[in-house]
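Open the model in your viewer, and colour it by chain before anything else. The stops below say what to select at each step and what to look for there.

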2 protein chains.
Amino acid sequence: MGRIVVEVMPKPEILDPQGKAVAGALPRLGFATFTGVRQGKRFELEVDGAVTAEHLDAAREAARTLLSNPVIEDVVRVATIEEVDA
Amino acid sequence: MGRIVVEVMPKPEILDPQGKAVAGALPRLGFATFTGVRQGKRFELEVDGAVTAEHLDAAREAARTLLSNPVIEDVVRVATIEEVDA
């Protein structure tokens, strides 16, 4: 079984209330070192057998059309997940 | 400005309704190639200057205590984001 990771983040110019909430909570929990937080999404898509170039093309297309909203989000990564187990 | 990525996924044994919804929508949009989908979260933490080992340690601690719920989620990645711009 192969797996493909798709990562989606809010565009830099878009307000990110979830990230803002995390950024506000960090100093209250003692983490003063971080100056900003953005929160996005991470998907793992499973395919039968090994990941092929066709699978990756389909994942890129799905990332554009279903997994992200291109008005407010960027797809930042589409890649095969390397596995140790067989 | 340095950035650290933290990725969190639902544990394999935990029901993932968001992933299930995406998995159900994919074939309706013509993507028949994927056999399963899991949806998690991706955070970008910003720090002043370059990312240090101390920043990464703080990010790992924040990932465990704030960014994930260890009962139902796994932290799958904490890493420095390599940037091209200065």
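Begin with the surface through which the chains touch: this is a predicted model, and 100% of the interface residues of chain A are also interface residues in chain B, so the copies meet through the same surface.

Next, superpose one chain on the other. A rotation of 180°, with 0.0 Å of shift along its axis, brings chain A onto chain B with an RMSD of 0.0 Å. The two copies are therefore related as by a two-fold rotation axis. To find where this axis passes, select A:K41, whose C-alpha is the one in chain A nearest the axis, at 2.2 Å from it.

Display the side chains here, and you will find A:V22, A:A25 and A:L26 of α1(A) meeting B:A62, B:L66 and B:L67 of α2(B). Colouring this contact by residue class gives six nonpolar residues, with no polar and no charged ones.

Then turn to the pair formed by α2 (residues 53-67) of chain A and α1 (residues 17-28) of chain B, which pack at an angle of about 110° with their axes 11 Å apart. That angle makes α2(A) roughly perpendicular to α1(B). Select A:A62, A:L66 and A:L67 in α2(A), which meet B:V22, B:A25 and B:L26 in α1(B); by class, the residues of this contact are six nonpolar, no polar and no charged.

Finish at the largest pocket, which has a volume of about 320 Å³. Of the 18 residues that line this pocket, select the ones closest to its centre, namely A:R3, A:R42, A:E44, B:M9 and B:V76. Widening the selection to whole strands, β1 (2-10), β2 (36-47) and β3 (73-80) of chain A, together with β1 (2-10) and β3 (73-81) of chain B, each supply at least two residues of the lining. What classes of residue make up the lining of the largest pocket? Eleven are charged, six are nonpolar and one is polar.

How values were computed. Residues numbered from 1 in each chain as written. Chains lettered and ligands numbered in written order. Predicted model: local features only at pLDDT ≥ 70, side-chain atom pairs only at ≥ 80, totals over all residues. Heavy atoms only, no water. 1 Å grid on protein atoms, 1.4 Å probe; cavity = no way out; pocket = protein on both sides within 12 Å on 5 of 7 lines; lining within 4 Å. Points joined across faces, edges and corners; volume = space filled by probe spheres on them. Helix = DSSP H or I, 4+ residues; strand = E, 2+ residues; numbered from the N terminus. Nonpolar A, V, L, I, M, F, W, Y, C, P; charged D, E, K, R; others polar. Least-squares fit on C-alpha atoms with pLDDT ≥ 70 in both. Contact = heavy atoms within 4.5 Å. Axes fitted to C-alpha atoms, helices over the stretch in contact; angles between N-to-C directions. Parallel < 35°, antiparallel > 145°, perpendicular 65-115°, else oblique.
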